[in-house]
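Let's take a walk through a protein model together, going from the whole chain down to single residues. Keep the picture open beside you as you read.

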Amino acid sequence: VQMPNSSSISEFLLLALADTRQLQLLHFWLLLGIYLAALLGNGLITVACDHRLHTPMYFFLLNLALLDLGCISTTLPKAMANALWHTRAISYAGCAAQVFLVLFLFSTEYYLLTVMAYDRYVAICKPLHYGTLLGSRACATMAAAAWGSGVLNSLLHTANTFSLPLCHGNVMDQFFCEIPQILKLSCSQSYLKEISLLVFSITLVSWCFVFILFSYVQVFRAVLRMPSEQGWHKAFSTCLPHLAVLSLFVSTATFAYLKPPSLSSPSLDLVVAVLYTVVPPVMNPIIYSMRNQEIKQALRTLFGDTLLRHQ
C-alpha cells in the first residue's frame, strides 16, 4: 500500500532487544518458547471448542483463541527474525501492516470480551431466556459486529497515523510498530488529529467498560441471592476466568496507551508492550482451561488422560 510518507521514509528501525550476539540469540530462543506456548495453548482451545460450537460460550472462546493467535503472530515472529538475522529494520508497508493488525486484533478482542460479559450476564441472570437471547444467529451477529468494529477502528487509526508528516527520523523505542511510537516521530502539531480520533476510541472503550461493569454487578447480585453454595461455585467458576482475562487485558492496554509522557522510558515501554501483547495470548488459554471442567474434559478426550491427570 503506497501511503503519503513512503517517499521520504522507506523503512523504520525497531528497538534492538540486545546489543551482543549471544543475548540476541538468547532473546530469539526465549521469544520462540513463548510463541510456541501461545500457539499450543490457543491451538488446544481451538480444537477443544470446535466440537462444542453450538454452545455460545465455546463459540466466543474459539473466536478469542483465534484472535490471540493473530495477536501474538503479528508481533513476535518479526522480533524473532530481527534477533536472529541481527537487524532492526521493518519496511514502511510492513510497519503499516503491523499497526493495522495489532490494532484490529486488539480492538476486536476487547469488543468480543464485552460480548462475552453479556453472555455471562444472560447465563446467570436470565437462564430461562439463554437459548433465545443467545441463539446461533445472535452469537454469529455479535461476533461479526466485534470483528467488523475492529476492522473499522483500525482502518481509521492506521490511515490517519500514516498520513502524518514525520519530522523526527525513523527510529522507534519498541520491538514492533505501534501508534504511540509513530506519533513520537511525527511533527509537533500534526498529531493532534490522531489525538481527537483517540478520544473517540476511548469514549467507545469506556462505554464497553461501563457495559461490562453493569453486567458483572448484575451477575454478582444474582449470585449472592442464590441459596446453595453449589450455585455460587458454578457461577463464579464460569465468571472468574473471563474477569481475570478482561482485567489483564484492560489494565495493560490502558497503561500502554494512556500513561503520561513523563512516565515514558524505553525500558518501561518495552515491559508494558510485552504485558499487553504477549502475556494475554499466553495466559488466556491457561486461565480458561484451569477453571473450566468441560474444556479439561475435551482435552482429556483429545489426548487421553495422561496430559492433564495432575490437574
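Of the 311 residues in the protein chain, 47% are buried. Keep in mind that the model you are looking at is predicted. Now trace the fold: the chain has 11 helices and 2 strands.

In an unreviewed entry, UniProt places the feature "transmembrane region" at residues 26-45, 57-77, 89-113, 134-156, 195-217, 238-258 and 270-290.

Where does the strand β2 sit? It covers residues 89-91, and a loop links α2 (56-85) to β2. In that loop you will find H86. The phi angle of H86 is near 60°, which is a positive value in a residue other than glycine.

F200 belongs to helix α7, which runs over residues 192-224. Is F200 buried, partly exposed or exposed? Its relative accessible area is 48%, so F200 counts as partly exposed, because that class lies between the cut-offs of 20% and 50%.

Rolling a probe the size of a water molecule over the atoms shows where empty space is left. In this model, there are 3 cavities of 30 Å³ or more. The largest cavity holds about 100 Å³ of space. Its lining includes L14, L15, A16, Q24, N82, R88 and F175. Helix α2 gives the most to this lining, with 3 residues.

Finally, consider charge. Side chains of opposite charge can pair when their charged atoms come close. How many salt bridges does a search of the whole structure find? The search turns up 1. This salt bridge joins R120 and D119, whose closest N and O atoms are 2.8 Å apart. Both R120 and D119 are buried, so each has under 20% relative accessible area.

Notes
Residues numbered from 1 in each chain as written. Predicted model: local features only at pLDDT ≥ 70, side-chain atom pairs only at ≥ 80, totals over all residues. Heavy atoms only, no water. Helix = DSSP H or I, 4+ residues; strand = E, 2+ residues; numbered from the N terminus. UniProt positions renumbered as here; feature names shortened; annotations may be inferred. Buried < 20%, exposed > 50% of the residue type's maximum accessible area, 1.4 Å probe, protein only. 1 Å grid on protein atoms, 1.4 Å probe; cavity = no way out; pocket = protein on both sides within 12 Å on 5 of 7 lines; lining within 4 Å. Points joined across faces, edges and corners; volume = space filled by probe spheres on them. Salt bridge = Lys/Arg side-chain N within 4 Å of Asp/Glu carboxyl O.
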